[in-house]
Amino acid sequence: ELGYVGSKGRRLVRLTDGNEPDATGTRPNPNFSAIDALTPSTSSNYHSLQASMRIENMHRLSGFAGYVWSKSLDYASDGIDFIPGAAFPQDPGNLRAEHGPSTFDTRDRFTAALNYDLPAWKAAKSLGAGWQLNTIISIQSGRPIPIANSFDNSGRFYFNQRPNVVPGVNPILPNWNPATGYLNPLAFSQP
């Protein structure tokens with residue numbers, strides 16, 4: 001089987017600042033600092049090509065395999081999450097800059113499940129029949145990593161600015177390990 005699956009979300013809820021300061025730092029309501037506001041102001045879309053194959057009772061073997069090639073884009077993957085970079089925009093005055101891969105975007109995913117019916121073992125009578133060997137395999141590509149600074153030099157105190165990428169520096173460490181991580185800190189600079 002081969003098919004296309006897609007979806008579009010409109011008027012999705014996201015968190016933003018209802019009292020965003022202007023370029024001089026003046027807020028519309030000076031009696032308050034940031035005002036968290038949930039607004040139905042974002043959208044999303046998902047497109048995928050999906051393929052699957054099944055086999056049944058072929059020399060005692062049954063199973064299926066499936067592959068999905070997809071892309072998911074949005075403006076806020078989790079509109080009410082307070083994790084920096086996931087919901088709150090870097091600049092509430094420029095929500096268009098938030099458009100990009102969803103935090104759950106998985107471009108490639110392969111899944112297979114196999115069942116093998118074992119031959120009956122006549123010496124054990126009823127306990128020696130009906131046994132199977134089963135396995136499930138799932139392999140997928142990685143998801144986007146939302147990188148945010150804990151330091152805020154914008155004066156807005158959002159603490160979710162994204163760093164600048166340093167041109168020509170590989171963001172992945174060549175000999176990374178779990179202790180060092182795989183992101184190269186020299187590939188990013190303060191905005």
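Predicted model: local features only at pLDDT ≥ 70, side-chain atom pairs only at ≥ 80, totals over all residues.
## Strands S1 and S2

Strand S1 covers residues 2–17, and strand S2 covers residues 36–58. The two pair in the antiparallel sense over 14 bridges. Here strands (E, at least two residues) are DSSP runs, numbered from the N terminus; helices would be H or I runs of at least four residues. Two strands pair if DSSP finds at least two bridges between them.

Residues are numbered from 1 along each chain as its sequence is written, and side-chain values use heavy atoms, with hydrogens and water left out.

## Thr42 in strand S2

Thr42 is found in strand S2. Is this residue buried or exposed? Thr42 counts as buried because its relative accessibility is 5%. The cut-offs are these: buried means under 20% relative accessible area, exposed means over 50%, and partly exposed lies in between (1.4 Å probe, protein chains only).

Strand S3 spans residues 61–74. S2 and S3 run antiparallel, and 13 bridges join them. Among the bridge pairs, Leu49 has Trp69 as its partner in S3. Another pair links Ile55 to Gly63 in S3.

S2 and S3 form a hairpin with 2 residues between them. His59 is in the turn, in the loop between S2 and S3. Its phi is near 55°, a positive value in a residue other than glycine. His59 is exposed because its relative accessible area is 74%.

Asn57 also has a positive phi, near 50°, and is a residue other than glycine. Asn57 is found in strand S2. Its relative accessibility is 58%, so Asn57 counts as exposed.

## Other partners of S3

Which other strands pair with S3? One is strand S5, residues 108–117. S3 and S5 pair in the antiparallel sense over 9 bridges. In S5, Thr111 is the bridge partner of Gly66.

Strand S4, residues 100–101, also pairs with S3. That pairing is antiparallel too, over 2 bridges. Asp74 has Gly100 as its bridge partner in S4.

## Pro146 in a loop

Pro146 sits in the loop between strand S6 (132–140) and strand S7 (164–165). Pro146 is partly exposed, because its relative accessible area is 46%.

How many residues apart in sequence are Pro146 and Ser102? They are 44 residues apart in sequence. In space, Pro146 and Ser102 are 9.6 Å apart, C-alpha to C-alpha.
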